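Student: Could you walk me through a protein structure, please? I am new to this and would like to go slowly.

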Amino acid sequence: MALRLFEGKDHAAAYLQYRVSPHELICRIMDYMETKMPKQFDLAVDVGCGSGQGTILLAPYFTKVVGTDVSPAQLKMAVANSIPPNVSYRQCSAEELPFASGGVDLVTAMTAAHWFDRQKFLLEADRVLRPGGCLALLSYSMDMELEYGDVSNALNDICKEFYAALLPYRNPYLGSSSVKIYLDMFDSCPYPDKEWNECLRVKRITPLNGYIGMVETFSSFQILQQKDPVEAERLSNEARNKLMSAMKVSSPDAEVTVVVKYFYWLACKP
């Protein structure tokens, strides 16, 4: 069973504003692909593309890139964003992709596959991939870190408190560990040519409010916000104020370095 989440207009806008665009991982994917097939790549499909930050990063490498998502709000946000001429979007589920069998060079899902019906998605990805085509699944763990001068450890203690407060609201479909979900999918992928990678640390400089906004896009925070919006706001404000105090700044626009810990796996269809 797949889950449908993140379909509201406000959440789609937050995704576009705060989620990290993982260009470092796109480079890793393309390096892998170039060792497996000729460098003329025709079609990439980004499944569960959300507001399209990752989708557009594929544009320089493929003749055509299609982002798919179940959410009209997410796709509307993606289309409203500046997109290259070879990128388009389709509304569909991850388990029923509107592509011919054996016609896709790359199927990827960026921070989305944990919500899919995972076995059905893997079968569907196998159907649309051409021989020699690649499957690339990536995500990141919730325990992002902050770097700021000599108070980084203090900031990360506050971040851990923030994450711990959200843990009771973690969706049970995800189990206790997102990494385990992706490892299980990796293990169940029948392709002999595959590789697991953990963890790639991606750093971004962002206002402190940008970090808070990113955490607020997490499903656990969204569930809390739906159940108790007052408590969700209190928790965010408390984390923000504690971080500002530790940083000795008066504005949440002060910049910090956010460290996002990605894990990903790549496989080539025989």
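Tutor: What follows is a conversation about this model, from the whole chain to single residues.

Student: Where does the model come from, and how are residues numbered?

Tutor: This is a predicted model, in which local features need pLDDT of at least 70 and side-chain atom pairs count only at pLDDT 80 or more, while totals for chains, interfaces and linings use all residues. Residues are numbered from 1 along each chain as its sequence is written, and side-chain values use heavy atoms, with hydrogens and water left out.

Student: OK, how many helices and strands does the chain have?

Tutor: The chain has nine helices and eight strands, where helices (H or I, at least four residues) and strands (E, at least two) are DSSP runs numbered from the N terminus.

Student: And what is the radius of gyration?

Tutor: The chain has 19 Å, which agrees with the value near 18 Å that a compact globule of 270 residues would have; the radius is taken over C-alpha atoms, and the globule rule is 2.2 Å times the number of residues to the power 0.38. Along its principal axes, the C-alpha trace spans about 55 × 35 × 35 Å.

Student: How much of the chain is buried?

Tutor: Of the 270 residues, 54% count as buried, a word that means under 20% relative accessible area, with exposed being over 50% and partly exposed in between (1.4 Å probe, protein chains only).

Student: What about contacts between residues at least 6 apart in sequence?

Tutor: Among those contacts, 78% join residues at least 24 apart, and contact here means heavy atoms within 4.5 Å.

Student: Switching to helices, which residues of α7 are buried?

Tutor: Helix α7, residues 208–216, is mostly covered, since seven of its nine residues are buried. They are Leu-208, Gly-210, Tyr-211, Ile-212, Gly-213, Met-214 and Val-215.

Student: What does Ser-236 touch?

Tutor: Not counting residues up to four places away in sequence, Ser-236 touches Phe-162, Ile-212, Glu-216 and Phe-221. Ser-236 lies in helix α9, residues 229–247, and it is buried, with a relative accessible area of 2%. Its C-alpha atom is separated by 9.9 Å from that of Asn-209, which is 27 residues apart from Ser-236 along the chain.

Student: Now α2: is Tyr-32 buried or exposed?

Tutor: Tyr-32, whose place is in helix α2, is buried, with a relative accessible area of 6%. Leaving out residues up to four places away in sequence, Tyr-32 touches Cys-134, Asp-193, Lys-194, Glu-195, Leu-266, Ala-267 and Cys-268.

Student: Which residues do ring pairs link into a cluster?

Tutor: That cluster is made of Tyr-182, Phe-186, Trp-196, Phe-263 and Trp-265.

Student: Last topic, backbone angles: where does Lys-248 lie, and what is its phi?

Tutor: Lys-248 has a positive phi of about 60° although it is not a glycine, and it lies in the loop between α9 and β8 (255–268). Most residues other than glycine have a negative phi. At 73% relative accessibility, Lys-248 counts as exposed.

Student: And what is phi for Thr-111?

Tutor: Phi of Thr-111 is near 60°, again a positive value in a residue other than glycine. Thr-111 lies in the loop between β4 (104–110) and α4 (118–128), and it is buried, with a relative accessible area of 17%.

Note on methods: Rings of Phe, Tyr and Trp (its six-membered ring) pair if their centres lie within 6.5 Å; planes under 30 degrees apart count as stacked, over 60 as edge-to-face and the rest as tilted.
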